[in-house]
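Subject: Model handover

Hello,

Here is the structure we discussed. Please open it alongside this email; my notes follow.

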Amino acid sequence: MSAKSGSEGDSSSDSLVAVVRFLQGAKLLGQTRLVAGDTIVEHAESAGVRIPTNCTSGTCGTCMVTLVEGNVDLPEILPPGLDDYLVERCARLGCIGVPLDDVDIDIRPPL
Ligand code: FES
């Protein structure tokens, strides 16, 4: 198994560092430490995972990913690339989404 299991009793050292993990289905593509304020795309680059981008401003939806676990900050007013329907299906935009803690991201959009 390459992915660490979160259910096997977290050790104290694991809980000190938040981790952003990138998946495609059940396959772990890469992971990196959380850097406060960095976007999902920036974390993906650190993890060696490529998420396609275009506008990099939340408008086009090219960078849409699926939040599997954890919290990613959303702007109060959703950008043009996201709507309530998509948010309910755990869609987030990699170019503007900022992970807040341990998160698992599926690099594919939810729809
Ligand atoms: S690259 Fe266009 S919404 Fe993220």
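A helix here is a DSSP run of H or I with at least four residues, and helices are numbered from the N terminus. With that in hand, look just past H1: Gly48 has a positive phi of about 75°.

Bear in mind that this is a predicted model. Mean pLDDT for the chain is 90, with 86% of residues at 70 or more. Residues 1-13 fall below 50, and this stretch makes three contacts in the model beyond near neighbours in sequence.

**Layout**

The chain holds two helices and seven strands. Read from the N terminus, the order is β-β-α-β-β-α-β-β-β. Of the contacts with a separation of 6 or more, 61% link residues 24 or more positions apart. Buried residues account for 29% of the 111 in the chain.

**The sheet**

Five strands form an open sheet, ordered S2-S1-S7-S3-S5, and the pairing is mixed. Its edges are S2 (27-33) and S5 (91-93), each of which pairs on one side only. On average, neighbouring strands are turned by 35° against each other, direction ignored.

S1 (residues 19-24) and S2 run antiparallel and are joined by six bridges.

**Helix H1**

H1 covers residues 40-47 and packs on the sheet. It touches S1, S2, S3 (64-69), S5 and S7 (103-106). The direction of H1 makes about 105° with that of S2.

Which residues of H1 are buried? They are Ile40, Val41, His43 and Ala44. Viewed down the H1 axis, these buried residues fall within an arc of 160°, so they line one face of the helix.

**The core**

The largest nonpolar core has 22 residues. Those with the most contacts inside it are Ile40, Ile51, Cys63, Val65 and Ile105. At least two core residues come from each of S1, H1, S3, S5 and S7.

Leaving out residues up to four places away in sequence, Cys63 touches Val41, Ile51, Pro52, Thr53, Leu93, Gly94 and Cys95. Val41 is also one of the buried residues of H1. Ile51 is, like Cys63, among the core residues with the most contacts.

Best wishes

Definitions and conventions: Residues are numbered from 1 along each chain as its sequence is written. This is a predicted model: local features need pLDDT of at least 70, side-chain atom pairs count only at pLDDT 80 or more; totals for chains, interfaces and linings use all residues. Two strands pair if DSSP finds at least two bridges between them. Axes are lines fitted to C-alpha atoms, for helices over the stretch in contact, and angles run from 0 to 180 degrees between N-to-C directions. Two residues are in contact if their C-beta atoms, placed from the backbone, lie within 7 Å. A residue is buried if 20 or more other C-beta atoms lie within 10 Å of its own, exposed if 12 or fewer, and partly exposed in between; C-beta atoms are placed from the backbone. The arc is that of the directions from the helix axis to the C-beta atoms. pLDDT is the predictor's confidence in each residue, from 0 to 100. A nonpolar core is a set of buried Ala, Val, Leu, Ile, Met, Phe, Trp, Tyr and Cys residues joined through C-beta atoms within 7 Å.
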